[in-house]
Amino acid sequence: MTRVLLTTTLLATTILAFAGLPAFADDAALQKEAAGYFKPIPSMVPAVKDNAVTRDKVELGKMLFFDPRLSASQLISCNTCHNLSMGGDDNLETSIGHGWAKGPRNAPTVLNAVFNIAQFWDGRAGDLKTQAKGPIQAGVEMNNTPKVVEETLKSIPDYVGKFKAAFPNEAEPVTFDNLARAIEAFEATLITPGSRFDQFLEGKLDALNATEKTGLKLFMDKGCVACHSGVNVGGEAYFPFGVVEKPGADILPANDRGRFEVTKTADADYVFRAGPLRNIALSAPYFHSGKVWDLKQAVAIMATSQLGAKLSDKEIEAITAFLGTLTGEQPRVELPVLPVSTDKTPLPK
């Protein structure tokens, strides 16, 4: 057995060296190095600050996530732009909202969003409950108001009962704040453990093939981990888009200055939260502008703009292959049957 493993390792090393890619002979050393940068997604739902994730709250949050009556038109739900059947986003350049208005940025995936330092590309929402309120009120998204949302929910007896169960110690449980807390609790359950990369991190050294391991090594050696590390392989800090060389205006629109609009400080100009790369193979198109549809092209752009490196085709293919191993087990969500409206429920606009 030892001789077979040694022969296989030597053969893989020879093939990689011949292809012009860095070779390695010690999978255990690679796994140890990777474990210094990344952490597996836990199989258990993580705790959420100031919001206990209870069964009643999660069930209510799931219903609200799928309920289009949170929008003024009663056509758009959270799932419209964060489709749980399509990697947690809508696979569009930018989302289409109220009155067919086109949003300004690509919709980030909701999967594993609980692990991000903050929400939205510019980090303007510190947590998922704050984020949940934004699209409901945005004119180009759901175009509603907290007052009308509360009127809608209070007009539906089944919802009133579910809010009481989820928030049992409150005199007035049906509030816009509690709606956000329920959605946050549900979204905290939308994690994707069990990817082949996580299996590798946990010691299953044959979970990745030779090309994917080479891509992982390149990802670390080239410096991609400076922005994309941790549990979510990104999403933990903010960086300028174009550290070395700014991409063209077709990819980095001049009128979207990123985090500058939040902080109003010069050093935040064109700064964005590093995109989390979990399930990245499912969530094209890429970047906040949504202008790049091919993952290999996205890798090449990142290398040039962030690292000042021009990768070979083989290197790009290897890194892209590694990124494919970040796809985890997708959440199994049973579509909820929503409570029926009453004659007191506000009509759609």
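A residue counts as exposed when its relative accessible area is over 50%. Asp-206 has 57%, so Asp-206 is exposed. This is a predicted model. The chain splits into domain 1 (26-41 + 193-325) and domain 2 (55-188).

**Domain interface**

- The C-alpha centres of domain 1 and domain 2 are 28 Å apart. Domain 1 brings 28 residues to the contact, and domain 2 brings 22 residues.
- The size of an interface is often given as the accessible area lost when the parts come together.
- Here domain 1 and domain 2 bury about 2000 Å² between them. Carbon and sulfur atoms account for 50% of that area.
- Asn-232, Arg-273 and His-288 supply 27% of the area that domain 1 buries against domain 2.
- Two salt bridges are counted between domain 1 and domain 2.
- Polar contacts across this interface number 11 residue pairs, with both residues at pLDDT 80 or more.
- On the side of domain 1 that touches domain 2, 12 residues are nonpolar, 10 are polar and six are charged.

**Salt bridges**

- Side chains of opposite charge can pair when their charged atoms come close.
- The total count is 20 salt bridges.
- Lys-291 pairs with Glu-93 in a salt bridge, with the closest N and O atoms 3.0 Å apart.
- Glu-59 and Lys-62 form a salt bridge, with 3.6 Å between the closest N and O atoms. These two residues are three apart in helix H3, so about one helical turn separates Glu-59 and Lys-62. Glu-59 is partly exposed at 40% relative accessibility. Lys-62 is buried, with a relative accessible area of 12%.
- Asp-127 and Lys-129 meet in a salt bridge at 3.6 Å, N to O. Asp-127 is partly exposed at 25%, whereas Lys-129 is buried at 16%.
- Asp-206 forms a salt bridge with Lys-204 at 3.1 Å, N to O. Lys-204 is partly exposed, at 41% relative accessibility.
- A network of salt bridges links Arg-105, Asp-122, Arg-124 and Asp-256.

**Two loop sites**

- Ser-95 sits in the loop between helix H4 (78-81) and helix H5 (128-137). Its relative accessible area is 11%, so Ser-95 is buried.
- The side chains of Ser-95 and Asp-90 make a polar contact at 2.5 Å. Beyond four places in sequence, Ser-95 touches several residues, including Cys-81, Lys-102 and Arg-105.
- Val-244 lies in the loop between strand E1 (238-240) and helix H11 (260-263). Beyond four places in sequence, Val-244 contacts Thr-304, Ser-305, Gln-306, Leu-307 and Gly-308.
- Val-244 and Ala-303 are 59 residues apart along the chain, and their C-alpha atoms are separated by 9.5 Å.

**Backbone exceptions**

- Most residues other than glycine have a negative phi, and most peptide bonds are trans.
- The peptide bond from Ala-284 to Pro-285 is cis, with omega near 0°. Pro-285 lies in the loop between strand E2 (271-273) and helix H12 (295-307).
- Gln-74 is not a glycine, yet its phi is positive, near 60°. Gln-74 is placed in the loop between helix H3 (55-66) and H4.
- Asn-91 also is not a glycine, and its phi is positive at about 55°. Asn-91 belongs to the loop between H4 and H5. With a relative accessible area of 22%, Asn-91 is partly exposed.

Key
Residues are numbered from 1 along each chain as its sequence is written. This is a predicted model: local features need pLDDT of at least 70, side-chain atom pairs count only at pLDDT 80 or more; totals for chains, interfaces and linings use all residues. Side-chain values use heavy atoms; hydrogens and water are left out. Domain bounds come from an automatic or database domain assignment. Contact means heavy atoms within 4.5 Å. Buried area is the accessible area (1.4 Å probe) that two parts lose on being put together, summed over both. A salt bridge is a side-chain nitrogen of Lys or Arg within 4 Å of a carboxyl oxygen of Asp or Glu. A polar contact is a pair of N or O atoms within 3.5 Å; within protein, one must be able to donate a hydrogen and the other to accept it, and residues adjacent in sequence count only if both atoms are side-chain atoms. Ala, Val, Leu, Ile, Met, Phe, Trp, Tyr, Cys and Pro count as nonpolar, Asp, Glu, Lys and Arg as charged, and the others, Gly among them, as polar. Helices (H or I, at least four residues) and strands (E, at least two) are DSSP runs, numbered from the N terminus. Buried means under 20% relative accessible area, exposed over 50%, partly exposed in between (1.4 Å probe, protein chains only).
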